[in-house]
Amino acid sequence: MNQHSIAVDVDKVVKRYGSVTALHGVSMDIREGEFFTLLGPSGCGKTTLLRCIAGFEDVSEGSIRLHGEDIAPLPPHKRPVNTVFQQYALFPHMTVLENVAFGLLRRGWSAMDANGRAREVLALVQLSDFARRSPGQLSGGQQQRVALARALAPGPQVLLLDEPLSALDLKLRQAVRVELKQIQRETGIAFVFVTHDQEEALTMSDRIAVMSAGHVQQIGTPREIYEAPVNRFVADFIGETNLLEVEVGSVSDGMADIALPGGARLTCPAADGAQRGTGHLSIRPERITPAPAGAGSLQATVEDHVYLGTDIQLHMRLSDGEAMVVRMQNAAAAGIPERGTVLGLEVEAGAARLLAD
Amino acid sequence: MAGAAPQGASRSEIYRGNGGRLMLPVWVFIGIFLVLPVLLMAIYSVLTKEFRGGVIWDFTLAAYDQFFLNRGLFGDEPPTVEWTYIGIFWRSIWQAGLATVFCLLIGFPTAWFIATRDPRSRSVWLFLITIPYWVNLLIRTVSMKFLIRDTGPLNEFLLWTGVISEPLSLINTNFAVQLGLFYSYLPFMVLPIYAAVERYDFSLSEAAADLYADSWTTLRLIILPVVKPGIVAGCILVFVPSLGAFLAPDLLGGAKTFMIGSLIEEQFKGAAGNWPFGAAAAMILLSIVMGVLLIHARAQTRGDG
C-alpha cells in the first residue's frame, strides 16, 4: 500500500475569500518523514494552504487528508498537527516549561508526565536551563526554539512551520537552518515549511513546491527545481538565470532543437509542454564558459563586472540587445575581462533548458 | 581623564540629576489635591462635632465610637457592637460587588465585540457607548426612575404585552439600585477591557487551538489571563465609585437600600449634620478601598515573580 507513506494529501484545494481566490485547485502529496517546503513570493497562497492544513481556514473546495483521513470536519484543536507560528505566539503569562507542556496537558497527560516530556523536548532544542523563564526574557532565537519545542512536544503527525526563521537575523537564521534540519531527521516527523526565501528552501528541503498566484508551479527536489525548472516563473524565482527568447525548431522526446540569437543552433533538454515557435531558454550564469571572440555559440560584449570574491559576475550584452549575466570562477590564472571586450560564450547542451513558459 | 563635553550630552544625560526638580509640579498637585484633603478628613474625624455642621477643635474618638459601638440612648450602658453602620457598609460592599459582577458579565462581551470589529467601526461603537455619558449623571438617574416606576414606560409596555397583569414595583428596591449602578458605571468596565482586548494577539488563540485547547479552555487559560490587567482595572473603576455612590441609592432605592455614600452625604449636607462622624465613615471607607487595592497589588507582584 503506497497510501501508507503519504502524510498529507492535498487534493484540488480551492480557497476563496469573497471574490478573491487565494488557492486555485492546489494538489500535492507530502510524504511521511520528509522536509517539504512551500516556496513562493508573498501572496502566493503558501501560508493560506498551511492554515488550511492546520484548520484555521476552511477549504472552499477539494479535500485535505491526513494519513488517508479527511480532516475537513475536524476543528483545529482536534487535528493531530502542530504549528510553529511566524511570530511564535508564545503564551506570555506562562513559563517556557508551561508553554511546552500546554499541548500535552490538553491531551490529558498528567502534570508529572507532561513536565517530564516537556523537559525532554527542551533538551532537544538545548533550552533546558531556561525552563523557568518567561518568554519575554528570552532572545528571538531562544523564543523560536521554544515555539518549536512547544509544537513538537505533543508528537504531531505533521509539523507545520510558518516562516519561522523570518524574524531572526541572518547569522542566526543560517545556524537555525542546520539545527532545524537535524531535529527533523531525529524526530522523523514530516515538516511542512513555508518560506519566501529560496536559499532556505534549497538548503533544507527534501522536496519543494513552488507556488505563485494560488497555483502550484512545480514540485520537486531542490536539484530538480533548480536544474530543471518547468517554466519562466520557477527558473526566475529560484536562483539567478538568463532567459533568452529563442526560435524553437522542433521538440521531441524531451529534447528541443533551437536557434540561438546570432544564428547558432543548440540541442538541449525541454520541459514538458514546451512547443515549437518562440520560446524561452533558461541558462544559469555559472553554466556558461567565456571563450575567445568567435568561439562558442553566442557572442557578447562585456558591459560591466561585479567582483564577488569567489566569483566574478560579468554583465554582458548580446548583439541583438539582450542582457546576459555570466559567472566565472575567480581562478588565479584568469584575468578579469575589460569593459567593451567581445567574448564568445560556450553553452553546454545540458546547461540550457527550454521552458514551457 | 577627559571631561565630558556638554554639547555632546544626550537628552537623558541632560535630565539626569534633575529628576527631583522636574517632578515638582506632580508633587505639588498630589499634595494639594490628594494628601491635604485626606489629611483634613482624618483630622475632622477625631474632632468634636458642632450642632448642625462644623467642628470644635477638641480631640475625641467619639465619631469612631459611635460608628462601631452602641452605648444605649443616653450613652451610659455597657458598650455592645453597633450593627447599624456596619450593616450599611456591608450592604454597600455587597451592592457594589454585585454591580461590578454585572458590569463585568455584560462589559466583557461588549468590549470583546467592539475590539474585534474592523478598526473603522470600532470608533463608532465606542462613540455609541459613551454618548449617554455626555448627559449629567443626576439627570440620567432621574430618567431611570421615570422609566421603571409603577406607571412608567417599562411597566406600561409589559402590561400591554400581557407578560404581567399587575405593575411590577421596581422602584425603591435593590434591583433598582443595581440597575442604576450598572447603568452609571458600565463604560468604566468596557473601556479598559476594550483597550486590553484590542492589544490581544489573536495568534495566541490560534496557538492554543493548535495545541488541542477548545474555545472554553482557550478563554480560561489564555485570553482571560492575558487581558486580566484590563479586567482588574475595569473592576476597580466600577467597584470603587459604586461603593461610595449616593445618587442611585438616593433616587432609585428606598430606606432599605441606604448605602455608605448616602450616609456620608447626610452627615455633611443633610439633617444629621455631624461632620466628624461623616469624616470617620469616609476614613473607614477609604481604609476598605485601600485594603482591596493593596491585596490586588500584592497578588499582582506575586504573580509576576
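**Strand E6 of chain A.** I began with strand E6 (residues 81-84) of chain A, where A:Val81 and A:Thr83 point one way while A:Asn82 and A:Val84 point the other way, and I noted that all of these are buried. That arrangement is what I would look for, because side chains in a regular strand alternate between the two faces of the sheet. The model is a predicted one, and I read every entry below with that in mind. I then looked up the pairing and found that E6(A) and strand E7 (residues 158-162) of chain A run in the parallel sense, joined over 4 bridges; within E7(A), A:Leu160 is the bridge partner of A:Thr83.

**Helix H10 of chain B.** Which elements do the buried residues of H10(B) pack against? I found that they pack against helix H1 (46-54) and E6 of chain A, together with H11 of chain B. The buried residues of H10(B) are B:Ser205, B:Ala207, B:Ala208, B:Ala209 and B:Asp210. After this helix I came to B:Tyr212, which has a positive phi near 75 degrees.

**Contact between the chains.** I next asked how many residues chain B and chain A bring to the contact. The answer is 15 residues from chain B and 17 residues from chain A. On the side of chain B that touches chain A, the elements giving two or more residues are helix H10 (203-210) and helix H11 (215-244) of chain B, and H10(B) has the largest share, with 6 residues. Sorted by class, this side of chain B holds 9 nonpolar, 2 polar and 4 charged residues.

**Annotated spans.** For chain B, the UniProt record (unreviewed entry) lists "transmembrane region" at several spans, including residues 175-197 and 218-240. I checked two of them: residues 175-197 of chain B are 100% helix, with end C-alpha atoms 30 Å apart, and residues 218-240 of chain B are likewise 100% helix, with end C-alpha atoms 30 Å apart. For chain A, the UniProt record (unreviewed entry) places "domain: ABC transporter" at residues 8-238, a span that I found to be 36% helix and 27% strand, with 25 Å between its end C-alpha atoms.

**Domains of chain A.** I noted that chain A is divided into domain 1 (3-227) and domain 2 (240-354), whose C-alpha centres lie 39 Å apart.

**An open sheet in chain A.** I traced an open sheet of 5 strands in the order E13-E12-E11-E14-E20, with antiparallel pairing. Strand E13 (265-269) and strand E20 (352-354) of chain A stand at the edges with a single partner strand each, so one side of each has no neighbour in the sheet. From one strand to the next the twist averages 45 degrees.

**Positive phi in two loops.** Last, I looked up two residues other than glycine that have positive phi, A:His67 at about 50 degrees and A:Asp253 near 55 degrees. A:His67 sits in the loop between strand E4 (61-66) and strand E5 (69-70) of chain A, and A:Asp253 in the loop between strand E11 (242-252) and strand E12 (255-259) of chain A. Is each of them exposed or partly exposed? A:His67 has 16 C-beta neighbours inside 10 Å and therefore counts as partly exposed, whereas A:Asp253 has 7 inside 10 Å and therefore counts as exposed.

Terms used: Residues are numbered from 1 along each chain as its sequence is written. Chains are lettered from A and ligands numbered from 1 in the order in which they are written. This is a predicted model: local features need pLDDT of at least 70, side-chain atom pairs count only at pLDDT 80 or more; totals for chains, interfaces and linings use all residues. Two residues are in contact if their C-beta atoms, placed from the backbone, lie within 7 Å. Ala, Val, Leu, Ile, Met, Phe, Trp, Tyr, Cys and Pro count as nonpolar, Asp, Glu, Lys and Arg as charged, and the others, Gly among them, as polar. A residue is buried if 20 or more other C-beta atoms lie within 10 Å of its own, exposed if 12 or fewer, and partly exposed in between; C-beta atoms are placed from the backbone. Two strands pair if DSSP finds at least two bridges between them. Axes are lines fitted to C-alpha atoms, for helices over the stretch in contact, and angles run from 0 to 180 degrees between N-to-C directions. UniProt positions are given in the numbering used here, feature names are shortened, and annotations may be inferred rather than shown by experiment. Domain bounds come from an automatic or database domain assignment.
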